[in-house]
Amino acid sequence: MPALTRNKKKGAKSQTPPLIKRTKSNPTPPPKKAMKSHKPPLKKQRKGVSDEKREVYNDEEEEEEEEVSEESDEGDELGSDLFSDGDEEEEDGDEEDDIEPSDDDFLGGSDEEKGTLVSDSDSDSDESDIEKESKAIDEERERQEQDAKDELQMNIKEQPDEFRLPTKKELEEEASGPPDLPALQTRIKEIVRVLSNFKDLRPEGVKRKEFVEQLKADLGSYYGYNEFLIGTLVEMFPPVELMELIQAFEKQRPTSIRTNTLKTRRRDLADVLLNRGVNLDPLSKWSKVGLVVYDSQVPIGATPEYLAGFYMLQSASSFLPVMALAPRENERVVDMAAAPGGKTTYVASLMKNTGIIYANEMKVPRLKSLTANLHRMGVTNTIVCNYDGRELPKVFGPNSVDRVLLDAPCSGTGVISKDESVKTSKSANDIRKFADLQKQLILAAIDLVDAESKTGGYIVYSTCSIMIPENEAVIDYALKKRDVKLVPCGLDFGQAGFTRFREHRFHPTLEKTRRFYPHVHNMDGFFVAKLKKMSNETKASEGDEPVETKEQAQLSSDEDDDDESIKELKKPSGANVVKNKQRIPISKANNKGKKNKNFKTENANAEGPRKQKKKRSQWKAEIAQAREDKRKVMREKNTKEPGRR
């Protein structure tokens, strides 16, 4: 019995040694708790690495558990066969090994601690690898940025700091081949940059005139302007504003329509057009009847509302002259150049179809569009006539109307976006011809207006040109020729007109005129001036005033002497006086209007004004000669009388 129990104890003890050996030879992997005790890496890149390691550890744990179960079965079989004392000594030795740890165990720690240390070292290595990769990426990025900076600095060094104008040889080479548009554009920008700050950016030995001439040539070749027009624009505007203006001419202005208040309201019209698929907005704060159209699913000039006369296709700049005219009800108004009727119908709507409007148009083919628009818009107070505007004072009579609107024919340099042929078709001679016609028309318009009108007496002059000879020069001419003055146009926006340009000096009140530009106001280039007639008298021409005043001063100084000399010439006073009697009656007869055959034959081919000046000079010479002869006779008479006594 004791032996049996002893064998059982030995069998029980024999089960443990294989497990201990297994653990020593193959240490168990770190448990899941050890894995969880370690903090996960902070970066997302480490997450995938830790997950993969966890899966590997789980698989190894399952395989090791299967091996441990197999070894435990083998240990049971061996425990039943081994009963020797040697085995007991070995078992006792094994138990001592289990109970008393070695120095290595104290220094190295337990197997679990070793597993945790291994996992920590792996995670640290992963962190170090990721940090190295991120550092490498950052270094590569910094290197690329540095390379880009170095390349930029190299390009800057290759380009000269100062802009250099092309030489004659380079210009000849450019002229021989097709135009290089990118090079032209770059050169234009550089020239504009230098001219905008020429004092600081001026190259040594180069004059401003050379830059300006090169800018004219480049703009003309790049945008297609002729030499005259681009030269005038360069003189009128500074370089930066000039580029904005030219670029604005290359774009189309937005389409605008004007509501006909004789038939509808703007709100109702907008609702109807929106339902038809028209995208629109109110034009601006300064207009109560205008609408701007962005796009439309239907033709905007063929809708039922257009055919019914609810609105008129009209540019925004054409609203301005009528707004400046500000006609009132029951007035007599003349539109001297009315076709196609946009401004005339606007005047009629402001007057609410009262009073009388004379819509004049000189060109017969344009009368059809004028009358058609008047009928379509429901205008009933307008009379259409076909006269030359310069003859209207003879037709209607001078001082016969309250207000006159003169939208004068012009060169059209403000509407280049609509008609690009203006770039090359207009010359200095054309501008001069238009200016002469405009001066005659504005004088006729002033003569039509009655200065004593209770409500009116105003003239509005407008053009779709930005040329100074067609605008400020014409108004300055009218101020000298007629008794008129400039008054504010009543428009809250727009730039003031020129009071000086190069060698020209205009009246200071021309700052009351208004100019409109496409690059500033997003409408066609336009000019508007409003004149008030002060009296119905006309001024003499400025060129004749100095001559006339000088002659009048001479005549007034000698007036008394002339009267005396004429009286004395009537009396006989000797032989010399008899000779002068034959000369003096000629001037007398001429002054009285009597005919003289000899005088006619001498001055038959002379012109009127020159003839008059010649008469005055002859008359003065004759009077002076008569005086001298009289003095001689008196001296001789005085010398003879003392001798007689």
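Reply: Ala 326 is partly exposed because its relative accessible area is 35%; buried means under 20%, exposed over 50%, and partly exposed in between, with a 1.4 Å probe and protein chains only. This residue is found in the loop between helix 16 (319-325) and strand 5 (332-335). Helices (H or I, at least four residues) and strands (E, at least two) are DSSP runs, numbered from the N terminus.

The model is a predicted one, in which local features need pLDDT of at least 70 and side-chain atom pairs count only at pLDDT 80 or more, while totals for chains, interfaces and linings use all residues. Residues are numbered from 1 along each chain as its sequence is written, and side-chain values use heavy atoms, with hydrogens and water left out.

The chain as a whole has 29 helices and 15 strands. Of its 645 residues, 37% are buried. When contacts (heavy atoms within 4.5 Å) between residues at least 6 apart in sequence are considered, 73% join residues at least 24 apart.

Strand 5 also leads towards the largest pocket. Pro 340 lies in the loop between strand 5 and helix 17 (342-351), and a cis peptide bond with omega of about 5° joins this proline to Ala 339. Both Ala 339 and Pro 340 are among the lining residues nearest the centre of the largest pocket, together with Arg 366, Asp 407 and Cys 464. A pocket here is an open set of points on a 1 Å grid where a 1.4 Å probe fits, with protein on both sides within 12 Å along at least five of seven lines; lining residues have an atom within 4 Å of a point.

This largest pocket holds about 1100 Å³ of space, the volume being that filled by probe spheres set on the points, which are joined across faces, edges and corners. Its lining comprises 45 residues, and these divide into 20 nonpolar, 12 polar and 13 charged. In this scheme Ala, Val, Leu, Ile, Met, Phe, Trp, Tyr, Cys and Pro are nonpolar, Asp, Glu, Lys and Arg are charged, and the others, Gly among them, are polar. Elements that each supply at least two lining residues include helix 17, strand 8 (403-407) and helix 21 (428-448). The largest pocket lies between domain 2 (254-313) and domain 3 (316-533), because both give residues to its lining; the domain bounds come from an automatic or database assignment.

Beyond its neighbours within four places in sequence, Gly 414 is in contact with Cys 464, Ser 465, Ile 466, Phe 249, Asp 524 and Gly 525. Phe 527, 113 residues away in sequence, has its C-alpha 9.1 Å from that of Gly 414.

The second largest pocket has about 610 Å³ of space. Among its 26 lining residues, Ile 431, Ile 468, Pro 469, Phe 501 and His 504 lie nearest its centre. Two or more residues come from each of helix 12 (227-236), helix 21, helix 22 (472-481) and strand 13 (504-505). By class, the lining has 12 nonpolar, three polar and 11 charged residues. Domain 1 (168-250) and domain 3 each provide at least three residues of it.

Helix 12 is mostly covered, with seven of its 10 residues buried; Leu 229, Leu 233 and Met 236 are among them. Its buried residues pack against helix 11 (208-223), helix 13, helix 20, strand 12 (500-501) and strand 14 (514-516). Helix 13 has another partner as well: Pro 239, Val 240 and Met 243 in helix 13 meet Ile 188, Val 192, Leu 195 and Ser 196 in helix 9. That contact has six nonpolar, one polar and no charged residues.

Strand 12 holds Arg 500, which is exposed because its relative accessible area is 55%. The C-alpha of Arg 500 is 9.9 Å from that of Ile 468, 32 residues apart along the chain. Apart from neighbours within four places in sequence, Arg 500 is in contact with Arg 505 and Phe 506. Arg 502 is found in the loop between strand 12 and strand 13 and counts as exposed because its relative accessibility is 52%. Phi of Arg 502 is near 55°, a positive value in a residue other than glycine.
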